[in-house]
Amino acid sequence: MHKDVGPIRAYRVRWLAGVLAAGMLFLAGCGGSTTESGRTHAPAALNTGASQVKINEQDEKYRFDPAVLTIRKGATVVWTNISDSPHTVTSDSGTLLASSTVTPSGGTFRFTFTQPGTYHYHCTIHPSMQGTIVVTG
Ligand SMILES: [Cu+2]
């Protein structure tokens, strides 16, 4: 008897994605702890996803979420504007991050960090919006 295993496999993929997402949150919460326990046997496709920063609104203030994001050298960060206002992603010093206007309701800006360091940035339209990307070696 031949059974269609499609739905079961789909469930397992979703479950694995959830476990990996939880593991990444755990790593982020530990400020870049180098534990490897959550990274075994991860499918290659799930290792190539970009890190995400949401531009959203909370308590009537726009913000970068998370405000501080730790990534590894070579990783790409994608900022997605899910708020109702345009924003920018602009380095506090230097010219590394220099987005054009990131449009409301889904506009994105992406950047690949190739050098370790701590990169502070802000929104030129709302200077109180500040964020930091920490790139580990
Ligand atoms: Cu802004």
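Me: Two strands are taken to pair if DSSP finds at least two bridges between them. In this predicted model, what makes E5 and strand E7 a pair?

Reply: Strand E5 and strand E7 (residues 117–122) are joined by two bridges and run in the antiparallel sense. The cut-off is at least two bridges, so E5 and E7 pair. Within this pair, Ser 91 stands opposite Tyr 121 in E7.

Me: Which sheet holds these strands, and why are E3 and E5 called its edges?

Reply: The sheet is open and has four strands in the order E3-E8-E7-E5, with mixed pairing. Strand E3 (68–72) and strand E5 (90–91) each have a single partner strand, so one side of each is left without a neighbour in the sheet.

Me: How do you know that E1 and E4 pair, and in which sense do they run?

Reply: Strand E1 (residues 51–58) and strand E4 (residues 76–81) are joined by five bridges and run parallel. At least two bridges are required, so E1 and E4 pair. One of the residues involved is Gln 52, whose bridge partner in E4 is Val 78.

Me: What joins E1 and E2, and in which sense do they pair?

Reply: Five bridges connect E1 and E2, and the pairing is antiparallel. With a cut-off of at least two bridges, E1 and E2 therefore pair as well. Lys 54 has Asp 65 in E2 as its bridge partner. E1 and E2 form a hairpin with two residues between them, and Asp 59 in the turn has a positive phi of about 55 degrees.

Me: How many helices and strands does the protein have, and what is their order?

Reply: There are two helices and eight strands. From the N terminus on, the elements run α-α-β-β-β-β-β-β-β-β.

Me: What is known of the confidence in the prediction?

Reply: The pLDDT averages 78 over the protein, and 64% of the residues score at least 70. Over residues 5–47 the pLDDT is below 50, and this stretch has 13 contacts in the model beyond near neighbours in sequence.

Note on methods
Residues numbered from 1 in each chain as written. Predicted model: local features only at pLDDT ≥ 70, side-chain atom pairs only at ≥ 80, totals over all residues. pLDDT = per-residue confidence, 0-100. Contact = placed C-beta atoms within 7 Å.
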